[in-house]
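Here is a short tour of a protein model, meant to be read with the structure open beside you. Let's take a look together.

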Amino acid sequence: MDLTNPLIYGVPCFIAFILLEITYSYTHGDKDLYVWKDLMASGAMGIGSAILGPLLKVTVLIVVFNFTYELFNPLVDGVRTNIMGYESFGYAWYIFLLCQLADDFTYYWFHRANHEIRVLWAAHIVHHSSDHYNLGTAIRNGWFTLLYKPFFYMWMPAVGFPVEVVIFALAIESFWQFQLHSQYVPKMGWIEKIFNTHTMHQVHHSQNVQYLDKNHGGFLNMFDKIFGTWKELDDDVEVKFGVIHAPQSYNPLVILTHEFKDIWADVKKVDKLSHKLMYIFGPPGWSHDGSTMTVKQQQRLFKQQKQANPEVSFSRPN
């Protein structure tokens, strides 16, 4: 089956909606929503992703997926048959829905890994590095994630989903993720029970301690709820967007590489191999001497302090 990748239409749609949001913000007295230098930095990284994406999809994603599909779903008497013994999936409408659900499950763990493994966080932090939350931030994507993302999804063609259906599901996920990056959509009642919404994604982009590493889901919030990472936006809490240690630069190359430089500096300052490996593959914030804290450590401290002195503002340890 020959499917057109919906992301072919993504770039003009993304630009149109960003321009629409900019216009709306300026005509409704919200001129601080966008900062031009910040938008230009996001745009530069978005353009880089748009250029590198198709190249890597041909050389990495499609090659990896096709190889995996062919390996695990060989032709047996002219019929694609999975090595587990069942006929590989076809193109019925329910297969598309099942594949989309499998994609969302995979996206959850891919996204969560990007927050909990420091070397992956070094690639993903690019997306969180702006202290502005708007549709422009949606296109601020790290280039290095394109190299390893396909490997999280290899299991899908391996179990029998056709490659083009998997790529179609990935594209739909990207569209949903893009439109989440707006502050102009309020809470939406019963929809919040099922879907990952704009206010939930605001939580995800917040650097408030209680919100860190929450709401990793794609278009559903069920996996966050199942695995304990869901958090509703509290209307009484002022949200501060961005990351704790921002790059302090609008230079795209600095934004893309600053966390890798910090990892290298941490690796060089210790002698034990186990410490070096933890600085690379451990959770962000881990330190061999306790000088900095992981998200879970900070959240435990935050909870303890709130219980002891609820009226006192939390002082971030890192």
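## Helix α8

Which residues of α8 are buried? Please keep in mind that this is a predicted model. In α8, the buried residues are Val163, Val165, Val166, Ile167, Ala169, Leu170, Ala171, Glu173, Gln177 and Phe178.

As for its dimensions, helix α8 covers residues 163–179, which makes 17 residues. From its first C-alpha to its last it reaches 25 Å, close to the 24 Å expected at 1.5 Å a residue.

## A nonpolar patch on the surface

Now turn to the surface, where Leu98, Leu101, Phe105, Trp109, Trp155, Met222, Ile226 and Phe227 form a nonpolar patch. Together they have about 680 Å² of accessible area. The elements giving two or more residues to this patch are α3 (93–116) and α10 (222–226). Of the elements, α3 gives the most, with four residues.

Met222, one of the patch residues, sits in helix α10. Why does Met222 count as partly exposed? Its relative accessibility is 35%, and the partly exposed class lies between under 20% for buried and over 50% for exposed.

## Thr145 in helix α6

Our last stop is Thr145, which belongs to helix α6 (residues 145–152). Thr145 is buried because its relative accessible area is 14%, and buried means under 20%.

What does Thr145 touch, leaving aside its neighbours within four places in sequence? Thr145 is in contact with Ala123 and His124.

Methods:
Residues are numbered from 1 along each chain as its sequence is written. This is a predicted model: local features need pLDDT of at least 70, side-chain atom pairs count only at pLDDT 80 or more; totals for chains, interfaces and linings use all residues. Side-chain values use heavy atoms; hydrogens and water are left out. Patches are made of residues with over 30% relative accessible area and no salt bridge: like charges are joined within 9 Å, nonpolar side chains (Val, Leu, Ile, Met, Phe, Trp, Tyr) within 5 Å. Accessible areas come from the Shrake-Rupley method with a 1.4 Å probe; for residues, only the protein chains shown count as cover. A salt bridge is a side-chain nitrogen of Lys or Arg within 4 Å of a carboxyl oxygen of Asp or Glu. Buried means under 20% relative accessible area, exposed over 50%, partly exposed in between (1.4 Å probe, protein chains only). The expected span of a helix is 1.5 Å times one less than its number of residues. Contact means heavy atoms within 4.5 Å.
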